[in-house]
Amino acid sequence: MTDNLLVHAYVDGELDPAHALELEGTIADDAALAAERDRVQALRHLIRDRLSHERSPAKLLGRIESAVGLRRERSQPSWGMMAAAAVLAAVVASGSTWLTLRSQPPNTTAEMIVASHLRALMAPQPTDVSSSDRHAVKPWFSGRIPQAPRVVDLTSEGFPLVGGRIDVIDRIPVPTLVYRHRQHLISLIAIPAAGANAPERQTIAGYNVVDWSDGGIRYWAVSDLGAGDLDNFAKAFREASPDR
Amino acid sequence: MLPHLDDCYRLARWLTGERADAEDVVQEACVDAFRGIAGFAGGNARAWVLTIVRHAAYRWLRKNRPAALVSVVDLDALPDAQPGQTPEAALIAKADAARLERAIAALPVPFRETLVLRDVNGLDYREIAGVTGVPIGTVMSRLARARSRLIVALGVDEP
């Protein structure tokens with residue numbers, strides 16, 4: 001990427017702090033680049049001051065409301081039209097409003113765990129710390145959350161460690177370990193909870209979820225793995241000694 | 001009720017070049033948005049609405065200004081501003097609005113929409129890439145080329 005493009009990205013605030021600092025150093029030694037930065041900044045300010053305050057004409061809103069059926073002179077809008085118009089108003093007003101309208105918020109722990117797993121799959125990477133070394137992953141949690149989770153090496157059982165992240169379940173930050181089995185990721189979430197129960201399996205939105213309690217921690221494993229493979233994972237994790 | 005309406009209008013106004021046409025385009029886009037509401041996947045509502053406005057504006061351009069839509073291949077062949085013609089920053093800062101508007105209107109559509117989405121609408125590069133359907137690298141080069149053309153245009157004496 002040429003320095004010229006980087007100057008634009010710098011002026012637009014698109015460079016991360018390290019690259020911004022580096023470019024500032026380059027600009028300090030290069031008068032032509034400094035002049036380019038000044039020109040781009042001057043142009044941005046010019047456009048912002050002169051053009052970015054233009055408002056839409058007041059009559060436009062009325063036209064649009066008529067066009068989408070919010071205002072109908074002859075007939076009453078149908079309930080369906082009114083509902084759709086309300087949703088349109090909500091989406092144009094705010095994406096988050098729309099999200100809350102679209103579906104009921106997840107209300108059970110299992111649903112929140114599936115949501116966290118899905119979110120992690122969509123993120124650029126499913127972990128905040130990426131390491132197959134449990135001695136690197138466990139300390140990462142210390143200092144971030146009150147209790148670091150039990151981290152075991154299950155590579156020999158076919159479940160190599162990918163890393164860890166922190167999820168927020170029911171407003172509490174909790175440690176999540178990420179394991180892999182073939183091309184499938186498994187999120188293992190550890191939530192402090194009293195009691196002991198044997199593994200139970202359920203399916204939510206096509207994802208298998210297995211949960212069990214052990215030593216004051218309730219574990220939730222979620223994955224798109226087959227039920228049998230996920231049961232094997234839970235069994236391997238429960239039987240593994242942390243000191244191996 | 002429609003806080004993104006001004007953003008929609010500004011984009012349509014710069015893509016069509018005419019304020020009256022922009023109103024038609026925004027109205028059409030809102031009807032499209034209304035019909036397509038079920039397809040909205042959540043997330044960035046402003047970028048979603050601007051994408052629909054852009055589609056409506058392109059339909060309008062194809063119908064009314066077909067010559068304005070040069071192909072991307074032609075775009076790559078366009079010569080860029082030559083270094084050495086670039087004016088001082090102070091001269092750019094003093095340019096008047098009418099001159100700036102003429103310079104923007106003279107930009108090829110892909111450059112113009114990238115510039116408007118960034119500097120008028122204030123979208124970030126990732127959002128612009130999503131709205132215009134091109135990679136971020138293309139957004140960056142189009143933005144740089146659009147700006148360098150404006151800088152040159154604002155620096156030379158008007159005929």
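This is a predicted model: local features need pLDDT of at least 70, side-chain atom pairs count only at pLDDT 80 or more; totals for chains, interfaces and linings use all residues.
In chain A, strand 5 (residues 200-204) and strand 6 (residues 207-214) run antiparallel to each other and are paired over 5 bridges. One residue pair to look for is Thr203(A), whose bridge partner in strand 6 of chain A is Asn208(A).

Now step back to chain A as a whole. It holds 9 helices and 7 strands. Of its 244 residues, 28% count as buried. Among contacts in chain A with a separation of 6 or more, 49% are between residues 24 or more positions apart.

Is Gln183(A) buried or exposed? Gln183(A) counts as exposed because it has 7 C-beta neighbours inside 10 Å, and the cut-off for exposed is 12 or fewer. You can find Gln183(A) in the loop that joins strand 3 (172-181) to strand 4 (184-192) of chain A. Leu225(A) is 42 residues away from Gln183(A) along the chain, and their C-alpha atoms are separated by 9.2 Å.

Next, the nonpolar cores. Which residues touch the most other members of the largest core? Of its 58 residues, they are Cys8(B), Leu11(B), Ala12(B), Val25(B), Val26(B), Ala29(B) and Val53(B). The element that gives the most to this core is helix 3 (residues 45-64) of chain B, with 10 residues. A second, separate core has 31 residues, including Trp140(A), Val209(A), Val210(A) and Tyr219(A).

Setting aside neighbours within four places in sequence, Val53(B) is in contact with Cys8(B), Leu11(B), Ala12(B), Val25(B), Val26(B) and Ala29(B).

Finally, how confident is the predictor? Chain B has an average pLDDT of 83, and 82% of its residues score at least 70.

| Element of chain B | Confidence in chain B | Mean pLDDT |
|---|---|---|
| Helix 4 (residues 72-77) | lowest | 63 |
| Helix 7 (residues 109-120) | highest | 94 |

For the complex, the predictor gives an ipTM of 0.86 and a pTM of 0.56.

Terms used:
Residues are numbered from 1 along each chain as its sequence is written. Chains are lettered from A and ligands numbered from 1 in the order in which they are written. pLDDT is the predictor's confidence in each residue, from 0 to 100. Helices (H or I, at least four residues) and strands (E, at least two) are DSSP runs, numbered from the N terminus. Two strands pair if DSSP finds at least two bridges between them. A nonpolar core is a set of buried Ala, Val, Leu, Ile, Met, Phe, Trp, Tyr and Cys residues joined through C-beta atoms within 7 Å. A residue is buried if 20 or more other C-beta atoms lie within 10 Å of its own, exposed if 12 or fewer, and partly exposed in between; C-beta atoms are placed from the backbone. Two residues are in contact if their C-beta atoms, placed from the backbone, lie within 7 Å.
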